[in-house]
Amino acid sequence: MDKKHIDWEALALFITVAREQGLSAAARRIGTSAPTLSRRMLSLERSLGRQLFVRGRLGYSLTEDGQALLQGLEEVETRIERLTQPSEKIKPTVKISAGSWTALFLMERLDLVTGQPPDIKPCFITSEKVLSIRHREAVIGFRNQRPTEKTLVARKLNPVEFAPYIAANAPERWIKVLADTPSARWVDREVSEEDIVCEISQPRAALDLALTGIGIALLPTFIGDAQDRLRRVQPPIDELRHEQWLVTHQDDRNLPEVRKTIDRIYTFMRDD
């Protein structure tokens, strides 16, 4: 036997009309017209084969059948609200786009990003390319200049500097990163091929190799200075110094999980 189709929308409209005790107030709350609501209630009564309202000059009052239906629907409504409550165990995910070095810096301070106890779940998207925040490829991103798009908002962080680092007793030969970044282009331009000990495709590997004593790695000072086993070969390189901005979409900045993540990152990245 085919089950009768349940018009859930009509039942939701019925609850509003019953609570407002009339069409005009219910129509204003729902955002429709009183004649439309009247037709929907008549159609609901016909489909159920019961009269739900006593219609009068002062409004709509419920019949006995209407009272029974409202009571039953309110019980269902309560169950639905309980079933659809967001779980406190599920933390909101915040997508953070950053280059290799900034992502490493953040992940080493994960508890400062997530809070203690954690109340967000960060999703780190590590890329040397700039992802589109406007198209929601990321929710929070890092930029080396202030964004010009009107839909983006930004907070300025400490500037980023680069310097060469080496471990004790390591040969003074360079680790070359094959990437389209200003620091990689600087090594390609300034260091001769005979002074290159190896080439790698990922910037992060330069740090690992430098720590093993392979050679010199060009690193951000916020990464290199934190390594006890490395020392600077020379001062920061002026032409590689650049600004750093923490960026998000103007429509997302006041979301609780986005706001608290930005505030936390801004606090510890301005202090370090």
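Visitor: What does Thr 102 touch, leaving aside residues up to four places away in sequence?
Guide: This is a predicted model. In it, Thr 102 contacts Phe 142, Phe 222, Gln 244 and Met 269.

Visitor: Is Thr 102 buried or exposed?
Guide: Buried. Its relative accessible area is 9%, and the cut-off for buried is under 20%.

Visitor: Which helix is Thr 102 in?
Guide: Thr 102 belongs to helix H5.

Visitor: And how many residues of H5 are buried?
Guide: Seven of the eight, over residues 100-107, so the rest of the structure largely encloses H5. The buried ones are Ser 100, Trp 101, Thr 102, Ala 103, Leu 104, Phe 105 and Leu 106.

Visitor: Switching to the sheet. What is the strand order?
Guide: E4-E3-E5-E12-E6. The sheet is open, has five strands and shows mixed pairing.

Visitor: Which strands stand at the edges?
Guide: E4 (121-126) and E6 (152-156). Each has a single partner strand, so one side of each lacks a neighbour in the sheet.

Visitor: How many bridges join E6 and E12?
Guide: Five, in the antiparallel sense; E12 covers residues 245-249. Ala 154 sits opposite Val 247 of E12.

Visitor: Back to the helix. Which strands does H5 touch?
Guide: H5 packs on the sheet and touches E3 (93-98), E4 and E5 (140-143). The directions of H5 and E4 make an angle of about 155°.

How values were computed:
Residues numbered from 1 in each chain as written. Predicted model: local features only at pLDDT ≥ 70, side-chain atom pairs only at ≥ 80, totals over all residues. Heavy atoms only, no water. Buried < 20%, exposed > 50% of the residue type's maximum accessible area, 1.4 Å probe, protein only. Helix = DSSP H or I, 4+ residues; strand = E, 2+ residues; numbered from the N terminus. Pairing = 2+ DSSP bridges. Contact = heavy atoms within 4.5 Å. Axes fitted to C-alpha atoms, helices over the stretch in contact; angles between N-to-C directions.
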